[in-house]
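Subject: Structure for your review

Dear colleague,

Please find below the structure that I am handing over to you. I would ask you to keep it open while you read the findings that follow.

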Amino acid sequence: MKNAAKALLNRVEFPVLLAGLVIAGGLWAFEELMEVARATTPHAFDTEILLAFRQPGQPGVPIGSPWLEGAMRDITSLGSTSVLVLITTATIIYLLLIRRPATAFLIFVAVAGGQVLSSLLKVGVDRPRPELVSHLVNETSLSFPSGHAMLSAVTYLTLGSLAARFLPGRTTKVYVLFLAVLTTVLVGVSRVYLGVHWPSDVLAGWCAGFAWAMLCWLVARLLQRRQAVSDDA
């Protein structure tokens with residue numbers, strides 16, 4: 001039994017194993033956070049962090065200067081549907097122009113599928129927006145999970161992993177993936193700062209987004225191995 005397990009590990013490549021761990025961990029964490037979202041009263045974890053972004057005793061006034069508030073509004077737009085659709089569409093058109101339709105289709109499925117999944121999860125949990133602090137931007141959809149956090153993870157990680165494949169050297173690959181993760185994190189933090197999401201909403205969005213992006217990456221890798229996608233796509 002031990003030898004069989006060792007042989008299996010030797011056959012599994014490290015990136016594939018890491019992706020599997022991210023998916024499993026993301027799903028487990030999302031389930032735990034879903035229990036927090038369904039609780040009748042806000043968890044202390046959520047309320048303490050949300051209030052930490054506001055002036056003491058003034059839930060309508062965010063910490064920092066007006067410049068910081070403006071910066072957070074700008075950053076949060078990087079996770080908006082319009083911006084993500086624009087970036088994804090531009091990438092897909094570029095891939096079609098250089099005759100890589102299979103890769104373009106995989107990106108479309110990853111991002112569009114993430115959007116559908118996010119909408120279904122919101123309806124399934126049906127958590128309202130936090131009322132503990134004032135909202136610094138207008139939002140009308142449900143709160144859990146954060147669509148900005150989830151779709152940022154899906155879009156930027158998918159595009160980042162694609163770009164990394166064409167770049168020379170490990171350092172540049174790591175740099176591009178780091179930027180993808182950093183952008184996703186900043187978008188999520190901005191949602192809490194602006195008061196439109198509980199911290200658990202954002203964490204759940206990250207978990208679901210990372211898991212979905214890794215699942216799409218594994219599917220793309222499997223298709224490539226079966227020559228359904230060209231090796232240079």
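Two residues are said to be in contact when they have heavy atoms within 4.5 Å. The structure is a predicted model. Among the contacts in the protein chain with a separation of 6 or more, 76% are made by residues 24 or more positions apart.

**Overall organisation**

The protein chain has 233 residues, and buried residues make up 40% of them. Its secondary structure amounts to nine helices and two strands. Along the sequence, these elements follow the pattern α-α-α-β-β-α-α-α-α-α-α.

**Helix α4**

Helix α4 covers residues 66–76, and Ala71, Met72 and Thr76 are buried in it. Viewed down the axis of α4, these buried residues fall within an arc of 130 degrees, so they line one face of the helix. The buried residues of α4 pack against α7 and α8. On the other side of α4, Pro66, Trp67 and Asp74 are exposed.

**The loop residue Arg127**

Arg127 is found in the loop between α6 (101–125) and α7. Is Arg127 buried or exposed? Its relative accessible area is 6%, and buried means under 20%, so Arg127 counts as buried. The side chain of Arg127 is joined to that of Asp46 by a polar contact of 3.1 Å. Leaving aside residues up to four places away in sequence, Arg127 touches Val36, Ala37, Asp46, Leu142, Ser143, Phe144, Trp198, Ser200 and Asp201.

**The second largest pocket**

The second largest pocket has a volume of about 230 Å³. It is lined by 13 residues, of which Thr91, Leu159, Gly160, Leu162 and Ala163 are the closest to its centre. Which helices each supply at least two residues of this lining? They are α5 (81–97), α7 (147–166) and α8 (170–193). Helix α7 gives the most, with six residues. By residue type, the lining divides into 10 nonpolar, two polar and one charged.

Yours sincerely

Key: Residues are numbered from 1 along each chain as its sequence is written. This is a predicted model: local features need pLDDT of at least 70, side-chain atom pairs count only at pLDDT 80 or more; totals for chains, interfaces and linings use all residues. Side-chain values use heavy atoms; hydrogens and water are left out. On a 1 Å grid over the protein atoms alone, a cavity is a set of points where a 1.4 Å probe fits but cannot get out, and a pocket is an open set with protein on both sides within 12 Å along at least five of seven lines; lining residues have an atom within 4 Å of a point. Grid points are joined across faces, edges and corners, and a volume is the space filled by probe spheres set on the points. Helices (H or I, at least four residues) and strands (E, at least two) are DSSP runs, numbered from the N terminus. Ala, Val, Leu, Ile, Met, Phe, Trp, Tyr, Cys and Pro count as nonpolar, Asp, Glu, Lys and Arg as charged, and the others, Gly among them, as polar. Buried means under 20% relative accessible area, exposed over 50%, partly exposed in between (1.4 Å probe, protein chains only). The arc is that of the directions from the helix axis to the C-beta atoms. A polar contact is a pair of N or O atoms within 3.5 Å; within protein, one must be able to donate a hydrogen and the other to accept it, and residues adjacent in sequence count only if both atoms are side-chain atoms.
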